[in-house]
Amino acid sequence: MLNLNHVTKYYGKYLANDDISFQVDGGQIAILLGPNGAGKSTIIKCIAGLLRFQGEITIGGFSNKSSDAKRLLAYIPETPAVYDMLTVAEHLEFIRRAYRLEDDGYGQTLLERFELADKQDKLGRDLSKGMQQKLSICCGLIRHPKLIIFDEPMVGLDPHAIKELKKLFREQKDQGAALLISTHMIDSVENYWDITHIMVKGRFAATQYNRPEELKTQSLEELFFSITEGGDAT
């Protein structure tokens, strides 16, 4: 579903992403794990079409910059960006109209799961950061996207919302969606991943598959700290 080939991103002379290549298939959860400043958010923004880059990114076989690709993609950023003067309900209606979708009731289901059903008349500017993040998740998922990208999705969420989001990870995977989750919180993605790429200084330092025979040798946490604190970049 998602393919990156030799993606490189500079900010002026600063190399933020260095020759990144990977793919995420339908029904797969891929993790970008790394310390702050490793380049995770930059590669996410490149995929979402928010930054210029060198290389190639395709979504469902389409260039990530095309409208065909954007119809398949949902991007939930670390910092939610909601409309100040739209209510919670109007946010979902705006998304439905923008993508010419019928109201299948899924939006209401999401609001109830994330405890926003009683906040439908509240303006975006009056929501707490946590509620804005939950609304951002609802807006992203209401379209039943084929590729879902989360950038630090647990930040600002209450325990109930985290529990529901983790359930949604599994549900979306079971429904055949491809998920890419960027985080530096190892415990937040425990038992929810198929493949993890550990980023250090803009590059992939290691890739770990969720295979019992590999995890018996070295846990994901042990691998992460051996690389980020031990200097191992193999």
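**Exercise 1.** In which sense do strand β1 and strand β2 pair, and over how many bridges?

*Solution.* Keep in mind that this is a predicted model. Start by finding β1 at residues 2-11 and β2 at residues 14-24. Line them up, and the pairing turns out to be antiparallel, over 7 bridges. Next, go to Y11: its bridge partner in β2 is Y14. Finally, look at the turn: the hairpin has 2 residues between the strands, and G12 there takes a positive phi near 65°.

**Exercise 2.** Work out which bridge partner N5 has in β4.

*Solution.* First, pick out β4, residues 54-59, which runs antiparallel to β1 and is joined to β1 by 5 bridges. Then check across from N5, and you land on E56.

**Exercise 3.** Trace the strand order of the open 6-stranded sheet, and explain why one side of β6 and of β10 has no neighbour there.

*Solution.* Walk across the sheet and you get β6-β7-β8-β3-β9-β10, with mixed pairing. β6 (73-76) and β10 (203-209) sit at the edges with a single partner strand each, so each has one side left without a neighbour in the sheet. On average, neighbouring strands here are turned by 15° against each other, direction ignored. Now zoom in on β3 (residues 29-33) and β8 (residues 178-183): these run parallel, joined by 5 bridges. In that pair, A30 stands opposite L180 of β8.

**Exercise 4.** Find which strands helix α8 lies across.

*Solution.* Take α8, residues 220-228: this helix lies across β3, β9 and β10, at about 15° to β9. For helix α1 (residues 40-47), the list is β3, β6, β7, β8 and β9, and the angle to β8 is about 145°.

Conventions:
Residues are numbered from 1 along each chain as its sequence is written. This is a predicted model: local features need pLDDT of at least 70, side-chain atom pairs count only at pLDDT 80 or more; totals for chains, interfaces and linings use all residues. Side-chain values use heavy atoms; hydrogens and water are left out. Two strands pair if DSSP finds at least two bridges between them. Helices (H or I, at least four residues) and strands (E, at least two) are DSSP runs, numbered from the N terminus. Axes are lines fitted to C-alpha atoms, for helices over the stretch in contact, and angles run from 0 to 180 degrees between N-to-C directions. Contact means heavy atoms within 4.5 Å.
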